[in-house]
Every structure is written in structure tokens, then in C-alpha cells.
Amino acid sequence: MNTKLLPLLTALILAATGAIAADGKAIATENGCMACHSPGEPMIGPSFAKISARYQGKPDAQKLLLQSIKGGSRGKWGVMVMKPDTKLSDDDARAVVDWLLAH
């Protein structure tokens with residue numbers, strides 16, 4: 001590989017990651033995730049910051065969070081139940097998870 005292209009490729013990857021992260025926040029906002037979760041403070045459900053902290057560094061974090069979003073969850077954060085989000089596409093759910101794990 002031409003080493004002169006490496007900085008350009010790195011910049012493109014970082015820009016794409018930032019765009020996905022921004023889209024994830026917008027998707028979460030547009031699809032009602034903020035009704036139960038907030039960026040920093042617990043509400044009905046845990047804050048996005050707490051979720052991110054719990055799953056940071058886990059190799060299966062994306063898979064586990066996608067399962068919680070698409071299939072719902074129970075007992076992970078107390079007695080509250082998270083209903084499955086059946087209207088969110090797999091790509092949109094992945095963007096939300098990527099945004100969540102980036103913070």
C-alpha cells in the first residue's frame with residue numbers, strides 16, 4: 001500500500017465514524033428512545049452513558065445491545081422491562097448502538 005494514502009484513509013474512516021455516530025443520535029431521538037433514556041441522567045431506563053460504560057470493551061457489546069433493542073430486555077437494569085423495538089430497521093439499530101458505544 002502506498003504510505004502516502006494512509007493519512008487520507010484514516011481521515012475518511014474517522015469522518016465516516018463521526019457521521020454514523022451523529023446519525024445514531026438522530027435516529028435514537030426520532031424513534032422515541034429519548035422517552036426512556038437520556039444521554040447522561042437515568043430516567044425510566046438507564047442513561048446512554050451508563051449503558052455505554054457497562055458495555056465498553058466487551059467483544060460482543062454490539063450484538064448484545066442489538067438484541068436488547070430489537071428483542072427487548074428484562075432484568076438487566078432492575079425491574080423495568082424494555083419492549084422490543086420492531087419498527088427500527090437493523091441498520092438504524094446498528095447506528096444507534098455505534099453512537100452509544102462511541103461515547
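**Close-up views of the model**

**M82 sits in strand β2.** Strands are DSSP runs of E with at least two residues, helices are DSSP runs of H or I with at least four residues, and both are numbered from the N terminus. This is a predicted model, in which local features need pLDDT of at least 70 and side-chain atom pairs count only at pLDDT 80 or more, while totals for chains, interfaces and linings use all residues. Residues are numbered from 1 along each chain as its sequence is written, and side-chain values use heavy atoms, with hydrogens and water left out. M82 is partly exposed, with 28% relative accessible area; the classes are buried (under 20%), exposed (over 50%) and partly exposed (in between), with a 1.4 Å probe and protein chains only. From M82 to K70 the C-alpha distance is 9.9 Å, and the two are 12 residues apart in sequence.

**The whole protein has 4 helices and 2 strands.** Along the sequence they follow the pattern α-α-α-β-β-α. The protein has 103 residues, of which 28% are buried.

**D90 and K70 form a salt bridge.** A salt bridge here is a side-chain nitrogen of Lys or Arg within 4 Å of a carboxyl oxygen of Asp or Glu. The structure holds 3 of them. In the pair of D90 and K70, the closest N and O atoms are 3.5 Å apart. D90 belongs to helix α4 and K70 to helix α3 (residues 61-71), so the pair ties together parts that are 20 residues apart in sequence. D90 counts as partly exposed at 46% relative accessibility, and K70 counts as partly exposed at 27%. S89 is in the loop between β2 (81-82) and α4. The relative accessible area of S89 is 33%, which means partly exposed.

**D85 pairs with K87 in a salt bridge.** The N to O distance is 3.7 Å. D85 is buried, its relative accessible area being 11%, whereas K87 counts as exposed at 59%.

An α-helix has 3.6 residues a turn, so residues three or four places apart point the same way. D91 counts as exposed at 55% relative accessibility, and R94 counts as partly exposed at 32%.

**Helix α4 spans residues 90-101.** At 1.5 Å a residue, its 12 residues should span 16 Å, and the end C-alpha atoms are 16 Å apart, which agrees. The expected span is 1.5 Å times one less than the number of residues. Buried residues in α4 include A93, A95, V96, V97, W99 and L100. F48 is buried, with a relative accessible area of 7%.

**K50, R54, K58 and K76 form a positive surface patch.** Patches are made of residues with over 30% relative accessible area and no salt bridge, like charges being joined within 9 Å and nonpolar side chains (Val, Leu, Ile, Met, Phe, Trp, Tyr) within 5 Å. Lys and Arg count as positive and Asp and Glu as negative, with His and the chain ends not counted. The place of a charge is taken as NZ of Lys, CZ of Arg, CG of Asp or CD of Glu. K50 lies in helix α2 (residues 48-55).

**M43, I44, V79 and M80 form a nonpolar surface patch.** Together they have about 440 Å² of accessible area, from the Shrake-Rupley method with a 1.4 Å probe, where only the protein chains shown count as cover for residues. I44 is in the loop between α1 (6-30) and α2, and counts as partly exposed at 49% relative accessibility.

**Q56 is in the loop between α2 and α3.** Q56 is partly exposed, with 42% relative accessible area. The C-alpha atoms of Q56 and H103 are separated by 9.1 Å, and the residues are 47 apart along the chain.
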